[in-house]
Amino acid sequence: MSESPDRRATVVLVGTLDTKGREYAFVREHITARGVDVLLIDAGILGDPLTDPDVTRQEVAAAAGADVQALADAGDRSAAIEVMGRGATEIVLRLKAEGRLDAIGALGGTGGTTIATHAMRALPVGVPKLMVSTVASGDTSPYVGTVDVTMMYSVVDVAGINRVSAQILVNAAGTLVGMATAPKLPLDEARPLVAASMWGVTTPCVTTARERLEELGYDVLVFHQTGTGGDSMEALIRTGLVEGVLDVTPTELVGELAGGVWPAGPERLEVAGRLGIPQVVSLGGLDLIALGPPDSMPEQFRSRWIYRHDEHMAAARTTAEEGASLARVIARKLNAATGPVALFVPLRGFSPLSTPGADFHDADADAALVEGLRKLIDPSRVEMHEVECDINDPDLAIAMAERLYELMAG
């Protein structure tokens, strides 16, 4: 059905009701008590559901082209999770298209989290998504992916209603009610989108460039380059919604090359070129390797200059050898672009830490990267602008923003 002004908000809950049915019934009760409807999807396959669903497990399996009884008989938990995840995704997308999903939530351990977040990741950014999970305090990247899944740590297992779990589940219900009833902001679709990459060391540059592009009539979406940030940016570019890319900070390429904690995904610095989308690229953060906590960094970095950001993050200086390798990677990716590319090279530092006189200044390492680019960049495919300034010089930021504007204008 289509949305109407009188329609009550609806939260869709996805869960394995054979093991978590009582907990889901508890959450459903607290959501409906606040005037929000609930649609409960059963993704379990073994025992009988412990509360009545609105969408049965038979319907979920059928949506993935499978039979739930055959899944149960096979006894392959991994295969069942994969199938029910696909089926739940189909059901959830259908409900969203029908205007019957304002927020989606789930509770679970590893299996339930895998199934539910598979469906959540298929929904557009901006659709509220809450996963209460036993695995929310660890590495959540497999579950969150590149979308806005909110993970809430359950503290105790989702196994019964007790003095700890009850309050956590009530909090989750309240969160879902708030998310489902929050205003849906209208999108200003008249302003074209630009994607930009930023890290702490390039914040002044990207801020200045963003403000200039906004003056020129663009909305700028800034992505923090911490591994998933670059992947999220490339995923957005892949949708075709972006008209230009301001890739000031491809620092994740260093993590991929040298073994940092925030490595680039396989398509980093490639999607815009493949799609022919105009891009302006610089070298922000290519002097640093993010290593995680200072006390647990790999032994091979301990002889280098180390910058301690805080108790959770330290960075090492890149070497000349790594600079030469980065030049090969960047040149290969940019030379393959089918659209216009401008590469801006700040000759006086790729971050504030490596400007002349700073602790990380290493003229040989910077020169290896710059010389490699001079040799390998194809001038018939890529403009290369060498500028006597550091990455955060306001004039460089304005020049990059205005060149991107010119490229987007054709």
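**Notebook: cavities, pocket, sheet and helix pairs**

I looked up the largest cavity first, and about 50 Å³ of space lies in it. My working terms, on a 1 Å grid over the protein atoms alone: a cavity is a set of points where a 1.4 Å probe fits but cannot get out, a pocket is an open set with protein on both sides within 12 Å along at least five of seven lines, and lining residues have an atom within 4 Å of a point. For volumes, grid points are joined across faces, edges and corners, and I take the space filled by probe spheres set on the points.

The model is predicted; local features need pLDDT of at least 70, side-chain atom pairs count only at pLDDT 80 or more, and totals for chains, interfaces and linings use all residues. Residues are numbered from 1 along each chain as its sequence is written, and side-chain values use heavy atoms, with hydrogens and water left out.

**Cavities**

I searched the whole structure and found three cavities of 30 Å³ or more. The largest cavity is lined by Trp199, Gln225, Thr251, Glu252, Gly255, Gly260, Val261, Trp262, Leu288 and Ala290. Helix 10 (252-258) and strand 10 each give at least two residues to this lining; helices (H or I, at least four residues) and strands (E, at least two) are DSSP runs numbered from the N terminus. I sorted the lining by class and got five nonpolar, four polar and one charged. Here Ala, Val, Leu, Ile, Met, Phe, Trp, Tyr, Cys and Pro count as nonpolar, Asp, Glu, Lys and Arg as charged, and the others, Gly among them, as polar.

**Second largest pocket**

I then read off the second largest pocket, which holds about 330 Å³ of space. It has 23 lining residues, and those closest to its centre are Thr16, Ile45, Leu46, Arg77 and Ile81. At least two lining residues come from each of helix 1 (17-32), helix 3 (68-74), helix 4 (77-97), strand 3 (103-108) and helix 5 (110-122). By class I noted ten nonpolar, nine polar and four charged residues in this lining.

**Sheet 10-12-11**

I looked up an open sheet of three strands, ordered 10-12-11 with antiparallel pairing; two strands pair if DSSP finds at least two bridges between them. Strand 10 (288-292) and strand 11 (306-310) stand at the edges with a single partner strand each, so one side of each has no neighbour in the sheet. The twist averages 25° from one strand to the next. Strand 11 is joined to strand 12 (residues 313-317) by four bridges, and the two run antiparallel. I noted that Tyr307 has Ala315 in strand 12 as its bridge partner.

**Helix pairs**

I checked helix 12 (residues 320-335) against helix 13 (residues 363-376): their axes come within 7 Å and cross at roughly 30°. Axes are lines fitted to C-alpha atoms, for helices over the stretch in contact, and angles run from 0 to 180 degrees between N-to-C directions. Helix 12 is therefore roughly parallel to helix 13; angles under 35 degrees count as roughly parallel, over 145 as roughly antiparallel, 65 to 115 as roughly perpendicular and the rest as oblique. The crossing of helix 12 and helix 13 is right-handed, where right-handed has the near helix turned clockwise from the far one by less than a right angle, and left-handed anticlockwise.

Helix 1 and helix 7 (residues 163-181) pack at about 45° with axes 9 Å apart. Helix 1 is therefore oblique to helix 7. I recorded the crossing of helix 1 and helix 7 as right-handed.

**Positive phi**

Val155, not a glycine, has a positive phi of about 65°. I placed Val155 in the loop between strand 5 (150-153) and helix 7. Leu269, not a glycine, has a positive phi of about 70°, and I found Leu269 in the loop between helix 10 and helix 11 (271-275).
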